[in-house]
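Hi,

Here is the structure we spoke about. Please load it first; my notes follow below.

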Amino acid sequence: MALAWRASSKIWRQSPAGGRTYSIDRCFCCFCFGRDSQNVKEALRPLLLAGIIHSIPTHAVKTLPMLDREEHRFLRQKAFEIRKSILEMVYKARSGHVGGSLGSADLVVALYYYLMRHNPSEPEWPDRDRFILSKGHCTPVIYAVLADCGYFPREDLNHFRRPGSHLQGHPYEPGTPGIDASTGALGLGISTGVGMALAAKLQSRSHYVYILCGDGEIQEGQVWEAALFGNKYHLDNVIAFVDRNYLQTDGNSEQVMPLDPLASKWEAFGWRTYEIDGHNFDQIVSTVEQAKQLKGKPTMIIARTIKGKGVSFMENEVSWHGTPPNQEQFERAMKELTLAD
Ligand SMILES: Cc1ncc(C[n+]2csc(CCOP(=O)(O)OP(=O)(O)O)c2C)c(N)n1
Ligand SMILES: [Mg+2]
C-alpha cells in the first residue's frame, strides 16, 4: 500500500513553482487501478476510518477541453487588460497590494467572464452568484473586473484608496456596486461566505457562493471554523479557492506557518478538494464545472499561482506584496506585461 500510495500521490502533486501540473481522472493505486476517482475515495474511506491509511488522495482533476479557441483568446485578453488596470491603480494611488492581485487575476477573470451568473445592471439581483474576496487586501483585481463589467464607471479606478472614494483599500459591501461582503480582516470572508450559502439553501435559492482566500489567510483559526460549518450543513453551493502562491507578507508560507499537505487538511474537514494550476483557464473552468456536478459537500480548489504574475521582477517576490511601483518600475512593468499566446 505504501508503494502504491507514493505512486498515486506523485501523480496528483503539482510543482510549487506552479509550472507543471499533473491532472488525471483515474486512480492508479493497487486498490482501484483505473477506476473513477470518486469511487476511489469511497473505496478508501473504510481504510481511513479503520486507521489503516491516514489520508485520501485529493480528488483528481478532469481537464476537459471545455474552452474553444475564441473563448481562450477572450479570457487571455481580459486577464491582460485587468493586469494593466491593477498596475495603473496601485501606481496612481501610490499604495495597494499588487502581487496578490496580479497573481489571482486569471481566477477572477474566469469567474466573472465565464463561470458566474451575474448582471452588472442589477447588482442586487437575488439569484446572482456571489463572489467574496476573502483575501480582502487584493481589491485592485476585483475593482478592475467590476469596472470593466460595468458595475461602476472605469473612471472611478483613478480614485482608488482616495478619501471619499467608494473604492477603498478593502472591500466595503454597502458602498461599492458588485461587492457582496466587506472583508479585509483575514478569515472573515470565508466565514461570511458559508453563512450566505446556508441562507441561500434555507431560501431554496440555486446560486453559488464563490470565495477567494489567500494561503497566508487560511492560517487564521476562523477559517477552520468556517470549514467545520461548511461540512456540517453540506454546503455544496460553496466553491472556494485558496490562492496558493506560497507567499504572505513576511515571506514563504511554509516558513511562517506550514500548511502542507494542504489538500489533505481540507479533505479531513469534509470538503471536496482539487489542486489545479491557477493560471490555466481550462483547469479553472473544468474544475468548477465538475464541482457543480457533485452534491453534498463544499468544494475547495487549491489553485497554484505565481504572486506578481506577468511582471518578471514582481513574480514570486515577497517585497511586492504591498509595495507600489515607482515611475520607472511602473513603466517597465507596463511594457513587460504582454498578451501571452
Ligand atoms: C486578521 C488579519 N491579520 C493580519 C492582516 C494583515 N495582512 C494583510 S495581507 C496579509 C498576508 C496575506 O497573505 P495571503 O493570504 O497569502 O495573501 P496573498 O499572498 O494572496 O497576497 C496580512 C498578514 C489582516 N489583514 N487581517
Ligand atoms: Mg499568499
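The shell around ligand 1 holds 20 residues, and those that come nearest are Gly100, Gly214, Gly216, Glu217 and Gln248. Two elements give two or more residues to that shell: α4 (99-115) and β6 (247-248). By class, the shell has 11 polar, 5 charged and 4 nonpolar residues. Keep in mind that this is a predicted model.

Next, helix α6. The helix covers residues 188-202, 15 residues in total. An α-helix has 3.6 residues a turn, so residues three or four places apart point the same way. Just after α6, Ser204 has a positive phi of about 55 degrees.

How many of its 7 residues are buried? The count is 7 of 7, so β5 is largely enclosed by the rest of the structure. In a regular strand the side chains alternate between the two faces of the sheet. In β5, Val238, Ala240, Val242 and Arg244 point one way. Ile239, Phe241 and Asp243 point the other way. Both sets are buried, Arg244 and Asp243 included.

β5 has these strand partners:

- β4 pairs with β5 in the parallel sense, over 6 bridges. Ile211 has Ala240 of β5 as its bridge partner.
- β9 (residues 299-304) also runs parallel to β5, joined by 6 bridges. Here Val242 has Ile302 of β9 as its bridge partner.

β4, α7 and β5 together form a right-handed β-α-β unit.

Last, a residue with a different setting. Is Gln327 buried or exposed? Gln327 is exposed, because 8 other C-beta atoms lie within 10 Å, and a residue counts as exposed at 12 or fewer. Gln327 belongs to helix α11 (residues 327-336).

Best wishes

Technical notes:
Residues numbered from 1 in each chain as written. Chains lettered and ligands numbered in written order. Predicted model: local features only at pLDDT ≥ 70, side-chain atom pairs only at ≥ 80, totals over all residues. Near = placed C-beta within 6 Å. Helix = DSSP H or I, 4+ residues; strand = E, 2+ residues; numbered from the N terminus. Nonpolar A, V, L, I, M, F, W, Y, C, P; charged D, E, K, R; others polar. Expected span 1.5 Å × (residues − 1). Buried ≥ 20, exposed ≤ 12 C-beta atoms within 10 Å, placed from the backbone. Pairing = 2+ DSSP bridges. Right-handed = clockwise from strand over helix to strand, strands pointing away.
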